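Let's take a look at the charged pairs here, and then at one residue from another chain. Have the structure open as you read.

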Amino acid sequence: MVEHAATALREFRRDLTPTATLCLLILSLILLAAILAPFLAPYREGEILTTGSFVSPGEGLLLGSDYLGRDLFSRLFYGLRLTVAVSFMIAILAFLVGCSLGFLAAVLGGRFDMLISRLVDALIAFPAIMLALIVLTALGPSIPVLVVTIAFIDSTRVFRVARALGVDIVVQDYIEAATVRGERFGWLMWHEILPNALVPLAAEFGIRFTYAILFISALSFLGLGVQPPQADLGVLIRENMQGLLYGTFSPIYPALCIAAITVSINLLVDWYLRRNDASSPEDLQ
Amino acid sequence: MNILSVIVQRLGLGILTVLIVSILVFVGTEILPGDVAYAILGQGATPELVANIQERLGLDEPAHLRYLAWLGELLRGDLGTSLTNGAVLNDVIGERIGNTVLLAVVTAAIAVPLSIVLGLVASTRPDSAIDRLISTSTLALISVPDFLIAVLLVSLFAVQLGWLPAIANLNRVDGFLEYARVLALPVAALSFTVMAHMARMTRSAVLNVLTSSPIEMAILKGVPKWRVILVHALPNAIAPIVNVIALNLAYLITGIVVIESMFNFPGVGRLMVEGVTTRDIPLVQAAAMIFCSTYVVLNLAADIISLIANPRVRHPK
């Protein structure tokens, strides 16, 4: 077992390209910053340090202050933390729902498959942002509403990928063998379908995670996502847009944080698919 | 099957889709849990105000009757009245829809041809330096949020260089040059994201066609490369490319909502965001119906164009 893991690790390191290494490094740093935000940030999130708006960087304020005189550098840590946490919850939820329903549809087929597939078709034919805006009008923005809404939208995409993978797998001989052996339904899903769909699903998880980050940031940027005094990266961009007119680059830092995460994940997914010689989950839909 | 009957069938499907969309919009805004009247009023809810709003929304009637009434008014072209200020939505939206259409059309006019050319160039020389340049830069572009591009553009062209306005104020604008100046940044920000998606999809669509057997045959016969692409590959790639364009209109719709808000552009997208903030249900319903129906109609058009472009459909056996 240990030997097996060691070989896998060696092969993994052999296959790493410079780009993939860089992306992994950036993502690890970002994850660390998100987890350790309260320890790494020099000031507290809401602490007002100066009376000036958009003070230029320097004198203990690494990236200057925001419009209320709070330390932008510290707020970036907390914003990163919130964005990563919320997006992660969205991606996990979307996966739980999308994968279970997708595999179920693939295995059961028939009327169940038809019903869910048509429903998903109808939902996908609907621009995602419109769906989100409608729900937010009815329920108002709060983090649980945002997580469930975006996860719901995302799960339709996961469903399609999981179903397509499942349909390919259920016709294989080993599934038939397992069925003949008398394996139960849950065992089939967990031991036969899931392991064989793992590579494209891992890639899909990366794609859905970036999608969640972009979506929640866009909503927050519009003022319809996370509500102040809480701030994720989208709120930070919104709050600091005025700073551009003061000649600072304040909204650019949170925007670059988002870009660093999403670009790294996308490049990593690209590398991962190439390494495993798998086609993109986007092509499966 | 006759091509006309196929088209009629697609049109019927399109109408059905719009109907489903209208149900989704209505269900989404009105039947979700929570008393809408309380939600709109928030802490200032008094029993009289709640009753007033419930009456105006007709909440005392059953949902399916309200849906039919709403749909009937929509079909007669009546979008209703705003909840927040009682304005007639036909006027409010009518005033702004032209601006949104202008933004979308200018963006499409720039982004569509450019991205098709980029996709074609990349697909004809797969894995060459230029293909890798196009593929990597478009991957980077689709990974970054559209507002990052917008923020960078504003910071550079509006603040640092001072060449273009950061706010798209169309009120005191006349003459072509003025319009171009005001539209430049929003259009550029929108085009980048849409173009990246479209160029990538065009590339894979054309690559798919280029590796098909009739094209390989043409190459083997020694047909010149430009002839292979323009005469043999392009006609077969029209259908997938048109579909790519239609698919990307979804990004354009999302982009319009974000970019309009960012530049304070007086369009329907920003109006809708304001409607969500003030929980102006009739306004959001109307805007959502406009965006979604446009999307359905354009997808339908793409569908029909690719049907007509497909020789197998045009000349049935």
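## Ground rules

A helix here is a DSSP run (H or I) of at least four residues, and helices are numbered from the N terminus. Keep in mind that this is a predicted model.

Helix H5 of chain A, residues 110-124, holds both Arg118(A) and Asp121(A), which sit three residues apart, or about one turn of the helix. The two form a salt bridge, with 3.0 Å between the closest N and O atoms.

## Buried pairs

Over in helix H10 (residues 198-221) of chain A, Glu204(A) and Arg208(A) are four residues apart, again about one turn. Their side chains meet in a salt bridge at 3.0 Å, N to O, and both residues are buried. Elsewhere, Arg14(A), Asp15(A) and Arg275(A) are joined into one network by salt bridges that share partners.

Then there's Arg75(A), which pairs with Glu239(A) in a salt bridge of 3.2 Å between the closest N and O atoms. This one links distant parts of the chain: helix H4 (residues 72-108) and helix H11 (residues 233-240), with the partners 164 residues apart. Both Arg75(A) and Glu239(A) are buried.

Across all chains, the salt bridges total 14.

## Over to chain B

Gln160(B) belongs to helix H7 of chain B, residues 146-160. With a relative accessible area of 44%, Gln160(B) is partly exposed. Beyond its neighbours within four places in sequence, Gln160(B) contacts Phe249(A) and Ser155(B).

Terms used:
Residues numbered from 1 in each chain as written. Chains lettered and ligands numbered in written order. Predicted model: local features only at pLDDT ≥ 70, side-chain atom pairs only at ≥ 80, totals over all residues. Heavy atoms only, no water. Helix = DSSP H or I, 4+ residues; strand = E, 2+ residues; numbered from the N terminus. Buried < 20%, exposed > 50% of the residue type's maximum accessible area, 1.4 Å probe, protein only. Contact = heavy atoms within 4.5 Å. Salt bridge = Lys/Arg side-chain N within 4 Å of Asp/Glu carboxyl O.
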